[in-house]
Amino acid sequence: MPTVFDSHFAAAGFPMLLDNFGESIAYIPACGQRRVISAIVERDPPAIFDAAGTAVMPTATIRVYNSIASGISSKNVDIGSDQVEFKLNIGDAKPKTFSLMTLMSQDSGVTQLAVI
């Protein structure tokens, strides 16, 4: 059961963050139709440690609505098969396609994913 904070953040906090810091990216599910969603993209994030304790360097992390309609549902995401497309560097002429590496978190209406 979500806390009061979770409910308020999902309803008002994250939408405000997306309005101020979000950018349009394309979500390309393995089984489904490509669609444009809004995401907060963190470029050159810190390393993530895998189960063996090895540091893995994701290209970026993204935060999107945890929604099948307006973001990426944590229940339906297909790690390794689904892809996202965005400009890796601000000012790049063309976007690049990245694979979803891992589901980092799902909380307060937000799905956070690492991409490579």
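Reader: What makes D82 a residue without a salt bridge?

Author: In this predicted model, the nearest side chain of opposite charge to D82 is R35, 8.0 Å away. A salt bridge requires a separation within 4 Å, so D82 has none, although D82 is buried.

Reader: Where is D82 found, and which backbone nitrogen does its side chain reach?

Author: D82 is found in the loop between β5 and β6. Its side chain reaches the backbone nitrogen of A30 at 2.8 Å. The cut-off for a polar contact is 3.5 Å, and the value for D82 and A30 therefore lies within it. D82 also touches other residues, among them Y27, N76 and F98.

Reader: Why is the aromatic pair of F9 and F14 called tilted?

Author: The angle between the planes of F9 and F14 is 40°. Stacked pairs lie under 30 degrees and edge-to-face pairs over 60, so this pair is tilted. The centres are 6.3 Å apart, and the limit for pairing is within 6.5 Å. The structure holds four aromatic pairs, and F5, F9, F14 and Y65 form one aromatic cluster.

Reader: How do you know whether F9 and F14 are buried or partly exposed?

Author: The boundary for burial is under 20% relative accessible area. F14, at 2%, therefore counts as buried, whereas F9, at 23%, is partly exposed.

Reader: Which residues have the most contacts inside the largest nonpolar core?

Author: They are I25, I62, I72, V84 and F86, in a core of 17 residues. Strands that each supply at least two residues of this core include β1 (23-28) and β7 (96-107). F86 touches I25 and I62, among others.

Key: Residues numbered from 1 in each chain as written. Predicted model: local features only at pLDDT ≥ 70, side-chain atom pairs only at ≥ 80, totals over all residues. Heavy atoms only, no water. Phe/Tyr/Trp six-rings, centres within 6.5 Å; stacked < 30°, edge-to-face > 60°. Buried < 20%, exposed > 50% of the residue type's maximum accessible area, 1.4 Å probe, protein only. Core = buried A, V, L, I, M, F, W, Y, C linked by side-chain atoms within 4.5 Å. Helix = DSSP H or I, 4+ residues; strand = E, 2+ residues; numbered from the N terminus. Contact = heavy atoms within 4.5 Å. Lys, Arg positive; Asp, Glu negative; His and termini not counted. Polar contact = N/O pair within 3.5 Å; in protein donor to acceptor, adjacent residues only side chain to side chain. Lists of a residue's contacts leave out its neighbours within four places in sequence.
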